[in-house]
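These are my notebook entries on a set of look-ups. I record each one with the criteria applied.

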Protein chains: 2
Amino acid sequence: MTERLSSLFLRTLRDDPAEAEVASHRLLLRAGFIRRVGSGLYSWLPLGLRVRRNVERVIREEMNAAGAQEVLFPGLLPREPYEVTGRWTEYGSDIFRLQDRRDADHLLAPTHEEVFTLMVKDLYSSYKDLPLTIYQIQDKYRDETRPRAGLLRAREFTMKDAYSFDFDDEGLERSYQLQRDAYERIFKRLGLEYVIVSADAGAMGGSKSEEFMHPTAVGEDTVVMNDSGYAANVEAFATLVPDAIPTDGLAQPVVHDTPDTPTIATLVDVANAQFPREDGRAWSAADTLKNVVLALTHPDGSRELVVVAVPGDRDVDDKRVEVAFAPAVAEPASEADFAANPGLVKGYIGPWSASGPVLGDESRTGIRFLADPRVVDGTQWITGANESGRHVSGLVAGRDFTADGTVEAATVREGDPAPDGSGPVQLIRTMEVGHVFQLGRKYAEALGLSVLDQNGKRATVTMGSYGIGVTRNLAAIVEASHDEKGIIWPAEIAPFDVHVVATGKDEAVFAVAEEVVAELDASRLEVLFDDRRKVSPGVKFKDAEIVGVPWILVIGRGALEGEFELWNRATGEKQPIRREDVLQKFAK
Amino acid sequence: MTERLSSLFLRTLRDDPAEAEVASHRLLLRAGFIRRVGSGLYSWLPLGLRVRRNVERVIREEMNAAGAQEVLFPGLLPREPYEVTGRWTEYGSDIFRLQDRRDADHLLAPTHEEVFTLMVKDLYSSYKDLPLTIYQIQDKYRDETRPRAGLLRAREFTMKDAYSFDFDDEGLERSYQLQRDAYERIFKRLGLEYVIVSADAGAMGGSKSEEFMHPTAVGEDTVVMNDSGYAANVEAFATLVPDAIPTDGLAQPVVHDTPDTPTIATLVDVANAQFPREDGRAWSAADTLKNVVLALTHPDGSRELVVVAVPGDRDVDDKRVEVAFAPAVAEPASEADFAANPGLVKGYIGPWSASGPVLGDESRTGIRFLADPRVVDGTQWITGANESGRHVSGLVAGRDFTADGTVEAATVREGDPAPDGSGPVQLIRTMEVGHVFQLGRKYAEALGLSVLDQNGKRATVTMGSYGIGVTRNLAAIVEASHDEKGIIWPAEIAPFDVHVVATGKDEAVFAVAEEVVAELDASRLEVLFDDRRKVSPGVKFKDAEIVGVPWILVIGRGALEGEFELWNRATGEKQPIRREDVLQKFAK
């Protein structure tokens with residue numbers, strides 16, 4: 001098939017649109033692939049739609065090859081199934097809700113677990129019907145707080161979501177692996193570099209969960225990884241717990257007056273000045289223990305204060321806290337919380353245990369004290385004395401205090417040891433491009449999806465969930481594959497196989513170009529033909545470079561002697577090619 | 001590609017689902033093509049999705065062949081463009097509206113005129129850029145008062161909508177014709193019988209408008225047509241106006257006491273008894289003039305009463321009234337209207353003119369009196385005398401009264417003469433399956449879409465609008481093509497080319513079937529293979545018949561001697577076929 005630039009619904013933009021912050025957004029707008037219709041809402045122009053269909057094709061082919069069957073659900077769904085699973089409430093203001101003319105609640109589905117589950121319940125009833133994996137490529141909606149970066153965080157976007165249904169855990173493991181393998185093939189075909197990381201299941205509930213993370217500067221996620229193969233989401237990173245230290249012979253703790261120590265840095269300065277370390281080395285932030293008060297709201301609505309202790313050279317990481325306390329939602333304790341708990345001496349909080357006080361006022365009893373895993377028995381800390389204006393030094397974990405538990409809340413840092421012993425880690429900015437996830441029986445239980453087993457007894461089905469963003473990944477590909485001149489499409493998803501540019505004013509040259517284009521078209525190639533007469537070669541080349549078709553075939557004056565020029569968009573290489581060699585070059 | 005019934009996500013239903021009233025709804029559910037998710041919301045199972053994609057493919061191929069370019073808009077749109085054109089208000093409660101987390105109004109688009117127009121405005125600026133026709137195949141939403149009949153009237157449905165953009169009227173005419181021709185090809189390929197009728201543009205505004213109407217008992221529309229080629233929507237039917245009659249020598253009107261004549265039938269009886277016709281023939285309803293009072297609400301909110309006069313053997317037709325008075329909305333006058341206008345003597349209303357009374361009270365002055373086109377000068381009528389309990393006979397149009405205008409409000413009946421003189425018409429139940437429509441400059445004007453002409457002056461673009469329902473037409477095809485056993489898919493959109501049914505318990509037979517299926521698959525045929533081992537032949541045949549693949553290849557005992565049986569689903573014909581002839585039979 002051939003499209004001609006003389007009639008193609010396309011206008012490239014010379015200047016960067018003000019609305020675009022990141023390269024993919026900027027280039028997809030400038031090269032005429034998409035247009036903004038509203039906040040986080042995009043239209044697709046002919047070129048954009050071609051690439052989008054190609055991404056969908058790759059995903060569809062691999063899904064079908066993995067034995068998944070395609071279905072399609074509505075985007076508009078009634079509230080009821082989401083009410084049953086509790087997600088109508090859980091989603092809060094992250095979803096679009098609406099009422100129909102009879103005031104019945106509906107939502108624009110952000111994901112489709114509920115209706116997939118109900119559809120299988122409707123059709124299947126026996127263990128013999130399983131395994132089953134079904135998927136859809138479909139538009140989804142999320143009412144993002146801050147839609148940004150074009151297709152990277154839109155409010156209407158397209159995903160492939162698949163669900164597997166198995167009779168038992170071994171079946172789920174097999175279905176999961178099939179999808180995981182398919183995802184690897186998909187990302188390879190799309191030309192998207194990825195790291196597979198353990199991910200916390202978060203609000204989805206369930207067991208095994210892995211994310212396909214694509215390293216990119218515009219990513220909003222951080223992956224912790226090293227060259228020895230360790231990789232995890234920052235939320236899933238587990239601290240390598242040091243060995244406990246014998247407490248025999250350690251000095252007793254000493255309480256100091258430390259009135260002006262609003263920060264860890266000031267505390268360290270005061271400590272080095274007032275009670276220097278005996279061996280002469282300076283105290284550092286790592287020697288202090290920072291105690292942060294958080295307020296948890298549990299799913300039943302109840303509220304609980306907890307104190308989280310992390311080494312003073314680290315902060316409490318919001319994402320890790322979110323996962324550590326899920327399904328409870330954590331937020332910093334309020335002034336009212338401090339006021340209601342006079343035992344929480346702001347700025348001077350120290351360790352204690354819910355079972356009893358360690359230092360200071362007994363009124364703190366009942367508030368859980370959770371420590372970083374590094375706070376092992378025998379470690380010594382400078383920390384708050386639970387009295388205004390006072391800190392304590394030489395406070396020994398396991399001897400002077402015992403935490404009510406550990407929590408993975410501290411920030412992860414470059415150089416931290418990987419939990420598998422594979423050595424120090426790096427932190428990489430990434431974007432989630434795929435997610436495979438063993439949901440287990442959560443949705444099947446909530447919605448009553450069971451089958452009869454070999455003995456005629458009901459058994460709840462176990463499910464897996466597998467998602468890939470179509471439109472988001474398309475943008476990720478542009479982020480990963482462009483240069484200062486424009487987009488460089490991987491051949492697999494390029495809008496066309498070859499971009500033929502006819503130059504000059506000689507109609508004989510255009511006649512040759514027409515013939516070549518007809519031959520390429522007849523060979524089932526997708527051809528973009530710049531047949532414009534009154535446009536300069538410079539403009540045509542600029543358009544070709546920004547649009548990003550992998551091969552640019554320039555047909556100019558030499559054409560009359562059978563001589564063309566072939567440009568490789570990715571490498572910039574320009575080579576002469578004889579007319580008679582063109583077809584073979586592109587033969588599929 | 002081959003799908004196997006042993007693993008295909010499909011369960012046919014033996015019984016008719018209670019929810020389904022019409023054949024397409026019943027069969028698409030029973031044959032496992034769709035499932036209901038909510039009122040007017042349907043999911044697509046693998047078989048349904050295959051047929052749907054085929055319908056989309058046919059439409060897409062014909063659109064591309066007609067030079068239209070595919071784009072894609074979001075389903076969720078901001079309010080603003082619809083505010084500019086006034087449609088945010090006009091749509092009333094027929095659309096889904098919602099607010100995002102910032103309380104910004106949005107809608108689920110029922111059509112996309114506004115954003116198509118704005119996109120062209122964004123990209124194009126010169127007359128040289130035109131003509132352009134762009135289209136999308138996309139999900140639309142309407143908050144129907146009464147979703148019904150499955151896909152025939154759903155709340156989420158898929159349409160192909162195209163818009164043409166031209167510099168001048170001649171260009172629009174050409175673009176319109178290209179789409180109209182493409183529609184004819186599409187319906188022929190889909191196997192959908194159609195009549196092209198003049199249609200009133202209704203709420204859309206604009207000029208030339210034609211609908212592709214598919215004759216079907218489940219249709220909600222009526223087409224007026226005859227064998228000589230006349231065809232129009234009942235709304236667009238124009239009455240053939242009879243010649244005027246000389247009034248010279250006609251008797252003067254006579255007023256009669258007619259106290260008990262609540263209906264036309266009782267009036268006719270009283271007339272025949274009290275003042276029989278001089279020539280001895282009986283009076284009939286056609287000799288009376290029925291005067292109906294309607295209240296119009298104009299777009300500016302003002303309210304106006306009008307009297308509509310139709311021959312007593314016809315009623316006022318709601319659809320024709322709707323179109324005749326658009327953009328005003330008509331409803332029957334209320335008791336309060338009669339109370340406020342004592343000159344309107346209910347049951348005894350007769351003709352008058354807004355410019356003055358004919359009979360009775362002067363207080364009627366100012367109310368428009370509109371007559372059916374058949375009320376030509378010289379026609380004589382028995383009608384109300386504008387006095388309680390009295391009628392008048394021999395009232396002559398053009399002599400005794402003159403209407404303020406004519407109105408096409410009367411019902412159309414079988415046998416009415418076509419306006420083009422082609423003879424009596426029939427009334428056919430139909431369903432709209434496509435609509436081509438010259439929008440003109442309405443949207444371009446409202447949204448400021450203009451281009452520079454040859455002289456550098458701004459000129460407003462003229463548009464056409466072209467819509468085909470994808471999911472609705474799929475259901476229409478089932479309505480038109482099924483029998484008591486199930487669906488009969490036209491080959492062009494059938495989910496598979498051939499349904500291979502292996503029967504019996506002999507593994508050798510199944511082995512032969514596997515080989516044949518592999519050969520068909522290798523020949524690029526789409527094969528549905530019933531490879532189920534523990535299912536009886538009877539059940540397999542029933543499944544094949546309800547699913548409706550055009551060809552059913554039965555591979556049973558004879559297979560070991562190379563003898564199969566080939567069933568034609570449409571004709572029911574069953575013929576032996578030799579194994580060696582199978583491939584050639586299906587060769588594409």
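I took strands as DSSP runs of E of at least two residues and helices as runs of H or I of at least four, numbered from the N terminus; two strands pair if DSSP finds at least two bridges between them. In this pair I found B:Arg97 opposite B:Leu107 in β7(B).

I then noted the sheet around this pair: an open one of three strands, ordered β5-β7-β6 (chain B), with antiparallel pairing. β5 (76-78) and β6 (96-99) of chain B are at the edges with a single partner strand each, so one side of each has no neighbour in the sheet. Neighbouring strands are turned by 35° against each other on average, direction ignored; the axes are lines fitted to C-alpha atoms, and angles run from 0 to 180 degrees between N-to-C directions.

I record here that the model is predicted: local features need pLDDT of at least 70 and side-chain atom pairs pLDDT 80 or more, while totals for chains, interfaces and linings use all residues. Residues are numbered from 1 along each chain as written, chains are lettered from A in the order written, and side-chain values use heavy atoms, without hydrogens and water.

Which residues of helix α7 (residues 264-274) of chain B are buried? I listed B:Ile264, B:Leu267, B:Val268, B:Val270 and B:Ala271 (buried: under 20% relative accessible area; exposed: over 50%; partly exposed: in between; 1.4 Å probe, protein chains only). Down the axis of α7(B) they fall within an arc of 165°, so they line one face of the helix; the arc is that of directions from the helix axis to the C-beta atoms. The face turned away carries the exposed B:Ala265, B:Asp269 and B:Ala273. The buried residues of α7(B) pack against β15 (289-297), β19 (380-387) and β20 (390-396) of chain B.

I turned to the interface, where 54 residues of chain B are in contact (heavy atoms within 4.5 Å) with 54 residues of chain A. The buried area is about 4800 Å², 58% of it from carbon and sulfur atoms; this is accessible area (1.4 Å probe) that two parts lose on being put together, summed over both. In chain B, the residues losing the most area to chain A are B:Phe9, B:Arg101 and B:Leu123, together 17% of what that side buries.
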